Amino acid sequence: MGKPIGIAGAGAWGTALANAAAIAGNDVILWMRSPKQAEDLGKARTNERFLPGVRLHDRITPTADLNQLAGCHAVLLVTPAQTTREMTAALTRVLPSETPLVLCAKGIERSTGSFLCDVVEEVRPNAPVAVLSGPSFAHDVARGLPTAVTLACRDAALAEDLATALSGPTLRVYHRTDVRGVEIGGAAKNVLAIACGAVVGRGLGESAKAALIARGFAELLRFARAYGAKAETLMGLSGLGDLVLTCSSAQSRNFSFGLHLGQGLSVEAASGGKLVEGATTASALVTLAKAKNIDMPIAEAVEQILSGAWTLDQAVDALMNRPIKSEH
């Protein structure tokens, strides 16, 4: 038996990835902040708060002791995007420098405008970092339904090793070296999903939603190219695949948030007290786009709505009355 896989974060996605890694044949150390919750999860074997009705695999050991991750083959960081710096610093104190850290959150650090891999490399220089992203709902993955995602690492051999370790009968992990492309796809699609949800919530029709997905993808491609990503990465699971899923289902927290905005709820009420990664990413994404003069009208419209500068109707009018140009 090889070294276990570590999971830092026991929310819905962290628990789902723990189950998937266990189904793939790995022992798994699942870290969570609360000792009491770790003890309860170890006894009940179900995470009723985040994944009701889904049994925790027998290979998974819940813990609140971060030191137990020290002997892992790799650690998947599955905490909210805006805690990446804090969690990486905590993990740096216990992990050997050669242990890969796999980022599973999707976003951009708001305080600095930095991509998450850059945050990790700043806090943990010279240590391997990878990013995991793709069209995947936690409940599907936890239940063992067929899912495919992408893992990217600049070290091609390590990317293949990690993808192989996490792949099993129900989770297929493809690998790439284009870290920037995979993390941009994951971050930007959340902002675009808010727009799609708002269109559906306002009852603007399936044609409008399809147009928004297509034009949103064009924005995503422009942004990715400008920041050094490969277009073919965005055509894959972590780009187009994730965009289509997130923009098409109320299971997506970002789509659901936009849906409630379209139905007339305030930003605060629409979130329902839950973290919406697209809402925390929108302003940073738009700022990065403007820094390179990238045209991203849909992302900008979302940011204007969230800031209170525009109503949804004003955003729709602004998009529909833009100068006509060739499609590209």
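Predicted model: local features only at pLDDT ≥ 70, side-chain atom pairs only at ≥ 80, totals over all residues.
First stop, Thr 99. Thr 99 sits in a loop, between helix H3 (84-92) and strand E5 (101-103). Is Thr 99 buried or exposed? Buried, at 5% relative accessibility. Who touches it? Leaving out residues up to four places away in sequence, Thr 99 touches Cys 72, His 73, Ala 74, Val 75, Arg 124 and Pro 128.

Next, the cysteines. How many disulfides does a search of the whole structure find? The search finds 0. Let's take two cysteines and see why. A disulfide needs two cysteine sulfurs within 2.5 Å. Take Cys 104. Its closest cysteine sulfur is in Cys 117, and that is 11 Å away, so the two are too far apart for a bond. Now Cys 117. Its closest cysteine sulfur belongs to Cys 153, at 8.8 Å, which is again too far for a bond. Cys 104 is buried, with a relative accessible area of 3%. Cys 117 is buried too, at 0% relative accessibility.

Now the aromatic rings. The structure has 3 aromatic pairs. One of them is Phe 115 with Phe 223. The ring centres are 6.4 Å apart, and the planes make an angle of 75°. Planes over 60 degrees apart count as edge-to-face, so this pair is edge-to-face. Why does the pair tie together parts that are 108 residues apart in sequence? Because Phe 115 lies in strand E7 (residues 114-115), while Phe 223 lies in helix H8 (residues 206-226). Both Phe 115 and Phe 223 are buried. Ring pairs join Phe 115, Phe 223 and Tyr 227 into a cluster. And Tyr 227 has a charge over its ring: Lys 292 lies over the face, 4.9 Å from the ring centre.

That brings us to H8 itself. H8 has 21 residues. From first C-alpha to last, H8 reaches 30 Å. That is close to the 30 Å expected at 1.5 Å a residue.

Over to helix H11, residues 253-262. H11 is mostly covered, with 8 of its 10 residues buried. Which ones? Asn 254, Phe 255, Ser 256, Phe 257, Gly 258, Leu 259, Leu 261 and Gly 262. Their packing partners are H7, H10, H12 (267-271), H13, H14 and H15 (312-320). Just after H11, Gly 264 takes a positive phi of about 100°.

Let's zoom in on Asn 254, within H11. Asn 254 is buried, at 7% relative accessibility. What does its side chain make a polar contact with? The side chain of Asn 190, at 2.9 Å. Beyond residues up to four places away in sequence, Asn 254 touches Asn 190, Ala 193, Ile 194, Val 276, Glu 277, Gly 278 and Ala 279.

Last topic, backbone angles. Most residues other than glycine have a negative phi. Two residues here go the other way. Arg 45 is not a glycine, yet its phi is positive, about 65°. Arg 45 lies in the loop between helix H2 (35-44) and strand E3 (60-63). Arg 45 is buried, with a relative accessible area of 12%. Then Asn 293, also not a glycine, has a positive phi near 55°. Asn 293 lies in the loop between H13 and H14. Buried or exposed, this one? Exposed, at 73% relative accessibility.

To recap. The search finds 0 disulfides. Phe 115, Phe 223 and Tyr 227 form a ring cluster. And H11 is mostly covered. Thanks, everyone.

How values were computed. Residues numbered from 1 in each chain as written. Heavy atoms only, no water. Phe/Tyr/Trp six-rings, centres within 6.5 Å; stacked < 30°, edge-to-face > 60°. Helix = DSSP H or I, 4+ residues; strand = E, 2+ residues; numbered from the N terminus. Buried < 20%, exposed > 50% of the residue type's maximum accessible area, 1.4 Å probe, protein only. Lys NZ or Arg CZ within 6 Å of the ring centre and 35° of its normal. Expected span 1.5 Å × (residues − 1). Polar contact = N/O pair within 3.5 Å; in protein donor to acceptor, adjacent residues only side chain to side chain. Contact = heavy atoms within 4.5 Å.
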